[in-house]
Amino acid sequence: MKIVSADVIVTCPGRNYVTLKITTEDGITGLGDATLNGRELSVVSYLRDHLCPMLIGRDASRIGDTWQYLYRGAYWRRGPVTMTAIAAVDCALWDIAGKAAGMPVYKLLGGQAREGVTIYGHANGQTIDELLEDVQRFLDQGYRAVRVQAAVPGLESTYGLHGSDTGKTYEPADAALPTENVWDTSAYLDFAPKLMSAVREQFGFGFQLLHDVHHRLSPLEAAQLGRSLEPYRMFWIEDPTPAEDQDSFRLIRQHTTTPLAVGEVFSSIFDCQHLITNRLIDYIRTSVSHTGGITHLRRVFDLAALYGVRTGSHGAGDLSPVSFASALQLDLTVPNFGIQEYMGHLEPASEVFKTNYTFADGYMHPGEAPGLGVDIDEEAAARYPYQPRSLPVNRLRDGTMHDW
Ligand code: CS2
Ligand code: MG
């Protein structure tokens, strides 16, 4: 099963996606997502200029060895660009392995450990009333878990509401230069418990409630938030504080029983190791396409299982359907599965990516198609050329740069 070509497809059906397509001598193709939101072309170059030429002639079935070859072979270790590129190769090789065996990838990973993958959707609103309507929309569809974000009164824009970061709307005006937002921690800390209280008051406790803090608080502020949300029994608060200083999570933990989820900006098991082995988090949220692919994420999940940490993979709309399908294949098999994020994709993405995953009753299933179960229509992809885009940045009221 020699690899004869490795091509990179860049397309923007609503938002930018980078896809690696590997082809073997017998004509089997495999896909891997190589999208790194706002920094897409760096991974395109890493693949086209460095990894693709190394893949030609290699045996596509040697997935683990290829991973080690690319990881150790670079000499330079880890980092989001490297690990996203390696992830794309890895997922594409799993796709090929599945197709060669005539099986969905989850069967090669040991088979399904549950009937379906519990997913959470993103409800949001400019006001609490608008948010409540959105939550209702998810509950009506059968969702068992909903993430809620609403505009913080007094702030002009709040994370998770509109713009290209939500995946829900398409704003052609988004340019290469980042939008600048203003952040006010005390307005947020005041508002968050009111928001959760309104949600529980209206809908009760019959579904899981999640919230993303998006790295904006100090550890002590995060502890205050966690404590103030305890009456609303959150499934988790996500990224309450930036995770470079990992020991700071100990402080949050000492003050609150609200569960913590972290990891969407991590790129390797080494970024997760301290938080997991010290039991400083409850859910590990690394994504399959930014953390070295199925091969590496499986190791992260196994490490997490030893310490009672469950999985909660990142599934934002800036990860392509290929990434989402890869996540579902793995989610279905791991013993310590927690939940899977599902933001969905903008409408034009369905012209480019043909998927097999299904949703029923709050659960998703990757389907029975051999491999990952996603195809790409390259003609459709060509109709949506790359558009330079950036993630927003945040400043405090006095202009100081803050975490977005
Ligand atoms: C987010 C993402 O889904 C999430 O939890 O934090 O929307 C994140 O902002 C984007 O993936 C960044 O590219
Ligand atoms: Mg997040």
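Q: Which residues form one aromatic cluster here?
A: Tyr 120, Phe 235, Trp 236 and Tyr 283 form one aromatic cluster, where rings of Phe, Tyr and Trp (its six-membered ring) pair if their centres lie within 6.5 Å, and planes under 30 degrees apart count as stacked, over 60 as edge-to-face and the rest as tilted. This is a predicted model, in which local features need pLDDT of at least 70 and side-chain atom pairs count only at pLDDT 80 or more, while totals for chains, interfaces and linings use all residues. Residues are numbered from 1 along each chain as its sequence is written, chains are lettered from A and ligands numbered from 1 in the order in which they are written, and side-chain values use heavy atoms, with hydrogens and water left out.

Q: How many aromatic pairs does a search of the whole structure find?
A: The search finds 14 aromatic pairs. One of them joins Phe 324 and Tyr 342, whose ring centres are 4.7 Å apart with planes at 40 degrees, so the pair is tilted.

Q: And which parts does that pair tie together?
A: Phe 324 belongs to helix 11 (residues 321–331), whereas Tyr 342 is in the loop between strand 12 (340–341) and helix 12 (349–352), so the pair ties together parts that are 18 residues apart in sequence. Helices (H or I, at least four residues) and strands (E, at least two) are DSSP runs, numbered from the N terminus.

Q: Is Phe 324 buried or exposed?
A: Phe 324 counts as buried, at 4% relative accessibility; buried means under 20% relative accessible area, exposed over 50%, and partly exposed in between (1.4 Å probe, protein chains only).

Q: What sits over the ring of Tyr 69?
A: The charged end of Arg 58 does, 4.1 Å from the ring centre, and Arg 200 likewise lies over the face of Phe 207, at 5.3 Å from the ring centre. A charge sits over a ring if NZ of Lys or CZ of Arg is within 6 Å of the ring centre and within 35 degrees of the ring normal.

Q: Switching to the metal, which residues are the protein donors of the magnesium ion (ligand 2)?
A: They are Asp 212 (OD), Glu 238 (OE) and Glu 264 (OE), lying 1.9 to 2.2 Å from the ion, and in sequence they are spaced D-x25-E-x25-E. Asp 212, in strand 7, and Glu 264, in the loop between strand 9 (260–262) and helix 9 (269–277), are 52 residues apart and link distant parts of the chain. Donors are N, O and S atoms within 2.8 Å of the metal (3.2 Å for Na, K and Ca), and since water is not among the atoms, sites may look incomplete.

Q: Are Asp 212 and Glu 264 buried or exposed?
A: Both Asp 212 and Glu 264 are buried.

Q: OK, backbone now: what is phi of Tyr 75 near?
A: Phi of Tyr 75 is near 70 degrees, a positive value in a residue other than glycine, and Tyr 75 is placed in the loop between helix 2 (63–73) and helix 3 (80–101). Most residues other than glycine have a negative phi. His 215 also has a positive phi, near 65 degrees, and lies in the loop between strand 7 (208–212) and helix 7 (219–229). Tyr 75 is exposed, with a relative accessible area of 61%, whereas His 215 is buried, at 12%.

Q: What order does the open sheet of 3 strands have?
A: The order is 1-2-3, with antiparallel pairing. Strand 1 (3–11) and strand 3 (29–33) stand at the edges with a single partner strand each, so one side of each is left without a neighbour in the sheet. The twist averages 20 degrees from one strand to the next.

Q: How many bridges join strand 1 to strand 2?
A: There are 8 bridges between strand 1 and strand 2, with Ile 9 opposite Thr 19 in strand 2, while strand 2 and strand 3 pair over 5 bridges, with Leu 20 opposite Gly 32 in strand 3. Two strands pair if DSSP finds at least two bridges between them. Strand 1 and strand 2 form a hairpin with 5 residues between them, and Gly 14 in the turn has a positive phi of about 100 degrees.

Q: Which residues does Thr 23 touch?
A: Not counting residues up to four places away in sequence, Thr 23 touches Lys 2, Ile 3, Val 4, Ser 5, Ile 28 and Thr 29, contact meaning heavy atoms within 4.5 Å. Thr 23 is in strand 2 (residues 17–24) and is buried, with a relative accessible area of 14%.

Note on methods:
Axes are lines fitted to C-alpha atoms, for helices over the stretch in contact, and angles run from 0 to 180 degrees between N-to-C directions.
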